[in-house]
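Subject: Structure for your review

Dear colleague,

Please find below the structure that I am handing over to you. My notes on what was found in it follow directly after it.

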Protein chains: 2
Amino acid sequence: SGAKGLLGMASILAAALAIGIGILIGKSVVNVKTISDTIQWDFDAGIQDLILNEIKASNIKENLRLLTVLPHEAGSHQDEVVLTNLIKETWETHLDKVEVYPYNVLLSYPSISDPNYIELVFPNGSVALKTNYTEVPLDQNEKKPKVLPSFLAHTPNGTASGDLYYVNYGRVEDFEELLKLNVNVSGSICMARYGRIFRGEKVKNAELYNCTGIVIFTDPFDYGGMAKHSWSPEKSSIGYPNTWWLPPSGFQRGSVQMLGDPLTPGYPSLNLTYRINESKAKLPKIQAQPISYEQAYEYMAILGGQDAPEKWQGGLNITYKIGGSFKALHKNCKVRIHVGNYKVQKKVHNVIGYIKGWQDPDKYVLLGNHRDAWAFGGLDPSSGTAVVMEVARAMGVVVKQGKWKPRRTIVFCNWAAEEPGLIGSTEWTEQLEKRLLLRAVSYVNIDIAVQGNATMRAGSTPTLHNLLYNSTKSVQNPNEEEKKKNRPTVYDTWLHKNPNDHNLPFIRNLGSGSDYTTFLQRCGVASVDLRYTFDEHIPSYPVYHSLHDTFKYMENFIDPEFKYSKAIGQVAADVMLKLSSLSVLPLNPIDYAAKLRYMFKSLETTNGKLLAANGIQLTDLNSAIWEFGKAAQNLNNVAQSLTLASSESSIRIVNDQLFQIDRGFLDFNGLPGRLWRHVIFAPSSHNAYRASGFPGVTDAIYNVLNNSGSWEDVKQQLSVLTLKILSATDLMIA
Amino acid sequence: SGAKGLLGMASILAAALAIGIGILIGKSVVNVKTISDTIQWDFDAGIQDLILNEIKASNIKENLRLLTVLPHEAGSHQDEVVLTNLIKETWETHLDKVEVYPYNVLLSYPSISDPNYIELVFPNGSVALKTNYTEVPLDQNEKKPKVLPSFLAHTPNGTASGDLYYVNYGRVEDFEELLKLNVNVSGSICMARYGRIFRGEKVKNAELYNCTGIVIFTDPFDYGGMAKHSWSPEKSSIGYPNTWWLPPSGFQRGSVQMLGDPLTPGYPSLNLTYRINESKAKLPKIQAQPISYEQAYEYMAILGGQDAPEKWQGGLNITYKIGGSFKALHKNCKVRIHVGNYKVQKKVHNVIGYIKGWQDPDKYVLLGNHRDAWAFGGLDPSSGTAVVMEVARAMGVVVKQGKWKPRRTIVFCNWAAEEPGLIGSTEWTEQLEKRLLLRAVSYVNIDIAVQGNATMRAGSTPTLHNLLYNSTKSVQNPNEEEKKKNRPTVYDTWLHKNPNDHNLPFIRNLGSGSDYTTFLQRCGVASVDLRYTFDEHIPSYPVYHSLHDTFKYMENFIDPEFKYSKAIGQVAADVMLKLSSLSVLPLNPIDYAAKLRYMFKSLETTNGKLLAANGIQLTDLNSAIWEFGKAAQNLNNVAQSLTLASSESSIRIVNDQLFQIDRGFLDFNGLPGRLWRHVIFAPSSHNAYRASGFPGVTDAIYNVLNNSGSWEDVKQQLSVLTLKILSATDLMIA
């Protein structure tokens with residue numbers, strides 16, 4: 001997963017000291033007035049307790065143990081046969097129906113016979129340094145066969161060589177900074193460190209600035225728990241297995257694209273589906289390879305050229321140089337990067353399980369998580385799979401007991417091949433696009449369920465904010481220390497750790513990086529992404545996408561008692577319960593209006609004067625947002641006025657209006673040059689992990705400012721944005 | 001309107017002899033087993049009688065008189081103010097709510113101060129012939145001010161000159177025929193006759209073959225009731241006002257595009273909407289002008305070059321020549337075409353009236369007709385407006401009497417600016433795209449209501465065929481002679497005049513040419529187009545788009561007693577009644593399956609061997625159609641099994657599945673290079689009036705055969721088609 005987070009474990013110590021919590025889950029008092037407070041429930045209030053109490057930490061632990069026993073990358077026997085069957089068979093015992101959706105997709109693997117490597121080469125051809133591409137097992141369990149060597153999926157095989165330049169995080173602004181320093185990286189290899197932006201953007205930028213290859217390393221400052229200028233090979237490791245930090249030998253694997261199967265853009269990869277020629281696929285054209293920081297040190301320590309800017313300095317105990325040449329003895333050496341990756345079409349399998357709704361079986365509330373991992377998947381994603389399996393079991397048990405049935409159909413989604421580019425979920429939403437567009441109520445995503453134990457974090461579309469506050473208030477705080485501090489629920493710690501300007505827990509906008517992407521971006525389905533996380537300012541948990549992301553890592557450093565896993569499962573179950581079973585959907589349109597107003601102010605503050613100076617007014621956009629707000633307020637009033645005596649059709653109409661709001665924001669023409677359709681939120685064009693607000697407009701402004709667009713484009717995008725806000729408004733009115 | 005028809009008046013005599021029919025409308029026995037036969041009705045059976053009996057010929061006549069008193073082209077005061085208000089105010093008295101939707105759109109007019117003309121010019125510059133551009137009024141009523149001179153809307157102003165070539169109907173095959181005859185029309189003016197294809201395609205083809213201008217005339221063989229080689233200026237006219245045929249001085253105006261406002265493709269033309277630069281709009285670049293056959297004679301009679309093929313010969317009493325030069329005295333003359341048309345943004349107004357549904361007010365059943373006419377609009381379109389107004393009144397009266405309310409909302413649509421390119425309906429569906437996509441049940445179109453009195457004709461998507469058979473059986477035959485021949489209903493004459501292979505009335509597939517286009521092509525809404533028509537093999541009724549299409553023409557030659565008008569109104573009312581009020585929608589999925597099988601066989605027969613020879617199999621397509629058929633059969637079974645005791649939600653689910661089928665066929669990527677999205681039916685790329693079956697595939701094959709495409713494109717389109725059939729199947733299952 002493209003998992004990113006700013007909040008991490010409070011500290012390893014705190015985690016180690018944390019103790020178990022009882023099973024009693026009370027419903028907390030809800031202070032915020034929400035739709036769901038005033039309307040009738042389709043289930044007895046006790047059902048919520050029944051379901052939440054049914055979720056057991058011990059089951060999640062056992063699930064995780066089973067899921068992580070072997071590496072299970074996309075396309076492997078372990079993932080596509082063993083785990084697919086495990087989940088299918090488990091769900092068949094708990095759920096009403098299970099379907100397996102296979103797709104034939106283009107996957108990418110490192111070659112064993114033609115291994116990837118980086119070399120430092122003297123002019124006479126002799127090799128000064130050669131960097132291997134396997135990680136060092138640091139534990140008996142990690143010495144399993146078939147762990148994939150480190151690589152970047154879907155990067156092309158071949159060999160590139162040239163001078164080496166250090167490009168910091170490989171962002172556009174980093175390359176621009178080099179140009180200001182009169183450094184031209186064209187024709188050279190660049191060395192970037194992980195972090196800040198999606199690795200695929202680093203590769204894209206390297207290509208954009210005409211590099212012939214890119215090496216990406218994890219800097220110990222970002223992932224190794226080290227201060228600046230502190231790590232060198234003499235220093236003994238403070239990393240795994242002694243701490244949760246990445247050891248010097250650790251690599252971060254990953255994908256460089258998140259658009260599904262590269263050969264079938266926009267269409268599901270069935271056998272009958274036409275494949276475009278690989279040369280036309282949106283894939284990198286240059287060689288790319290990740291390395292560890294102990295390997296990076298060997299190159300960075302001898303790199304010459306001017307000193308890199310202060311902000312570019314990292315955790316290696318050297319002065320980071322810009323490069324272009326090497327020091328002393330190695331002055332005229334070049335770097336060679338060899339990639340032996342191969343691409344192959346393989347069958348991957350989504351497992352989809354259903355609890356059929358009794359009233360609206362054709363309305364879908366989905367909970368999804370991916371199955372495939374780069375290695376063992378201790379956290380990413382099997383912590384999520386373990387939780388989703390337990391939620392499915394708990395809900396299924398209560399249904400089988402005859403105590404409850406959801407009003408709408410609950411769909412549990414176990415996605416294949418997320419890591420190489422959100423492939424399983426993308427192909428499925430491409431196959432079922434119309435069904436989802438017409439009938440999907442909401443999508444809840446859990447990728448990594450627990451990557452720290454400081455607090456919950458969430459991203460979601462605005463209509464779901466209120467529900468998230470509500471559900472987290474219904475789940476007891478798994479942290480006893482926090483409870484002692486008068487923070488009894490998940491909500492309380494969340495608010496304490498990460499409040500927004502309105503003294504509510506901060507919820508980020510959705511960009512990309514996991515399987516909610518295509519639900520929101522292709523089908524306009526209101527979406528949520530949930531996890532428990534750390535609170536340190538690091539790009540991700542340290543062993544992310546490495547060999548060391550194992551069951552043992554989870555047990556030793558993250559959630560020894562699986563109580564945070566259980567809490568996130570309870571939050572998800574509560575969200576699913578309410579979305580599937582409340583007569584009136586707990587979706588709040590007013591929060592969307594508030595978000596639009598906030599985004600408008602932000603746009604106006606940042607660019608209002610510049611736009612006005614170029615003859616562009618924001619008045620129409622402002623009016624449209626005002627219209628949207630009026631309609632949202634009115635719809636909310638109607639929703640609140642519904643009672644048990646309201647007619648079935650009046651409830652249905654309001655529900656349709658509530659869940660269809662995001663459909664209004666889709667532009668089927670797509671954002672300029674992109675597959676995405678949502679004009680309010682899209683993965684940022686310069687960092688897919690982040691959401692870009694009003695992406696068409698902000699990209700157009702960015703392009704003008706970077707001399708690659710015109711104000712006419714800005715006007716056009718402003719018009720599209722305004723029209724789609726009016727379209728969403730129309731859906732709430734008519 | 002792009003009205004076309006192969007069936008016309010049986011004869012003028014028959015029409016003149018036809019006598020009035022009483023008001024009693026019995027419900028005929030339905031022989032074909034349909035969904036609607038077996039399910040409960042939401043209204044008393046007597047309601048059908050009440051509504052059909054409420055429709056009065058005298059009211060339609062009075063409506064038509066009011067509507068045709070002055071010319072009322074799009075953008076004129078008469079159309080945008082007088083008639084808009086007339087309809088708005090009338091509907092406000094009958095309906096629950098009326099809304100006016102204004103759009104600011106690019107219209108096109110001929111200039112009075114810079115008139116269009118055609119000239120024949122000697123090398124020394126002196127003018128041998130000059131052709132005016134106004135029609136000759138042949139009646140006191142036609143001498144109104146402000147009748148637009150003849151022109152082709154949205155063709156550019158300017159002057160072109162060159163040799164003149166006769167190009168028959170201006171089809172691709174006609175230009176190809178010339179190439180075979182070693183005739184190169186590049187750089188010349190071409191002279192085409194009306195008919196066979198949409199005039200816009202003639203202009204497009206002329207541009208494609210590098211002509212600098214095009215003159216289009218109505219051949220008396222096609223429009224003047226003349227035999228081949230029979231008309232010359234000496235001959236006295238057999239045309240209007242003595243007969244219904246086009247007089248020698250008559251012109252056919254018209255548009256050359258049908259994509260809505262050319263400056264806002266894909267978006268509604270609100271004030272805030274961005275307009276593309278006119279140079280980027282999909283509009284012709286060459287001069288074009290229609291002329292009468294008496295004017296065409298002057299050029300054709302002296303045209304030189306080789307004899308045109310026998311099939312190209314027409315009604316002028318000369319031997320049609322290919323041209324390239326003129327005869328004798330005029331040998332070295334050139335033709336000059338001058339166009340003074342100007343384009344201007346104007347406000348146009350759709351009037352939308354509602355009868356609110358009691359159960360599903362958010363589900364829409366629409367009946368639409370356009371208001372604007374090229375001149376008086378006697379038939380096109382005011383005969384339709386007069387009928388739709390009467391249907392709205394009749395339904396409104398029954399509602400006001402408290403005797404009935406539809407289950408779903410009925411929407412009456414009075415479209416603006418259809419003639420210059422389906423503008424009113426296109427902008428509206430662009431504005432309300434999502435609402436229609438999610439909630440529109442069906443769209444019923446009446447453009448010209450009556451253009452002859454031989455039989456009803458219809459085009460529709462397959463799910464509506466059964467309903468059309470059903471409703472026409474419920475309406476008494478307006479023709480007494482036919483009744484005497486044991487054909488008591490509209491259905492019987494329709495079947496008698498135009499049976500298909502299954503001994504059911506023939507229903508054509510929908511291409512373009514009227515306002516259903518964008519409902520079907522953009523939003524995937526099941527659609528119908530209805531009219532009464534002639535049964536002669538002529539391209540359209542003779543005075544189509546001319547000055548002579550008046551109230552008087554209707555009264556004298558088409559429907560003196562307005563009984564055919566009434567019958568078409570009754571058919572439309574019955575269709576609207578059933579679609580809006582039956583608990584289970586009368587949409588038949590099985591007929592869609594049959595249509596797909598038929599189209600598959602046609603594709604296989606025509607191209608199967610050729611495809612196989614190029615490694616392309618149709619097996620996946622065949623399987624998908626088989627899957628579709630199974631799902632359709634099953635859905636129909638479920639629909640038939642519903643009873644009064646069925647739950648509201650089970651009925652709702654089946655209804656959603658029934659009306660959403662066509663949504664499955666939409667490809668939001670669009671057909672290659674086109675705005676249209678429906679992969680089963682689209683306006684043919686070579687004649688927009690006609691529907692092309694499997695348009696992506698057939699266009700791709702056409703392109704390969706004409707050396708402008710590849711078999712890879714065919715494979716790709718076949719894949720898209722197959723996937724979308726599976727998508728439609730999915731919507732019927734899930």
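Is A:Tyr469 buried or exposed? At 5% relative accessibility, A:Tyr469 counts as buried, because the limit for that class is under 20%. Please keep in mind throughout that this is a predicted model.

Aromatic pairs

Across all chains, the count of aromatic pairs comes to 63. One of them joins A:Trp231 and A:Tyr293: the ring centres are 5.1 Å apart and the planes stand at 85 degrees, so the pair is edge-to-face.

A:Tyr491 counts as buried, at 7% relative accessibility.

Ring pairs also join A:Tyr101, A:Trp415, A:Trp428, A:Tyr443 and A:Phe519 into a cluster.

Charges over rings

A:Tyr491 has a further neighbour, A:Lys473, which lies over the face of its ring at 4.4 Å from the ring centre. Another such arrangement involves both chains: B:Lys434 lies over the face of A:Phe668, at 5.3 Å from the ring centre.

Cysteines

How many disulfides does the structure hold over all chains? The number is zero. A disulfide is a covalent bond between the sulfur atoms of two cysteines. For A:Cys413, the closest cysteine sulfur is that of A:Cys523, and at 12 Å the distance is too far for a bond. A:Cys413 counts as buried, at 1% relative accessibility. In chain B, B:Cys413 is likewise in no disulfide, and the nearest cysteine sulfur, in B:Cys523, is 12 Å away. B:Cys413 also counts as buried, with a relative accessibility of 1%.

Relation between the chains

Chain A is superposed on chain B by a rotation of 180 degrees with 0.0 Å of shift along its axis, and the RMSD is 0.0 Å. That is the relation of a two-fold axis. Of the interface residues of chain A, 100% are also interface residues in chain B, so the copies meet through the same surface.

Annotated regions

An unreviewed entry places the feature "domain: Peptidase M28" at residues 350-554 of chain A. Over these residues the chain is 34% helix and 21% strand, and the end C-alpha atoms are 25 Å apart. The feature "domain: Transferrin receptor-like dimerisation", likewise from an unreviewed entry, is placed by UniProt at residues 617-731 of chain A. The span of residues 617-731 is 63% helix and 5% strand, and its end C-alpha atoms lie 26 Å apart.

With kind regards

Technical notes. Residues are numbered from 1 along each chain as its sequence is written. Chains are lettered from A and ligands numbered from 1 in the order in which they are written. This is a predicted model: local features need pLDDT of at least 70, side-chain atom pairs count only at pLDDT 80 or more; totals for chains, interfaces and linings use all residues. Side-chain values use heavy atoms; hydrogens and water are left out. Rings of Phe, Tyr and Trp (its six-membered ring) pair if their centres lie within 6.5 Å; planes under 30 degrees apart count as stacked, over 60 as edge-to-face and the rest as tilted. Buried means under 20% relative accessible area, exposed over 50%, partly exposed in between (1.4 Å probe, protein chains only). A charge sits over a ring if NZ of Lys or CZ of Arg is within 6 Å of the ring centre and within 35 degrees of the ring normal. A disulfide is a pair of cysteine sulfur atoms within 2.5 Å. Copies are superposed by least squares on the C-alpha atoms of residues with pLDDT of at least 70 in both. Contact means heavy atoms within 4.5 Å. UniProt positions are given in the numbering used here, feature names are shortened, and annotations may be inferred rather than shown by experiment. Helices (H or I, at least four residues) and strands (E, at least two) are DSSP runs, numbered from the N terminus.
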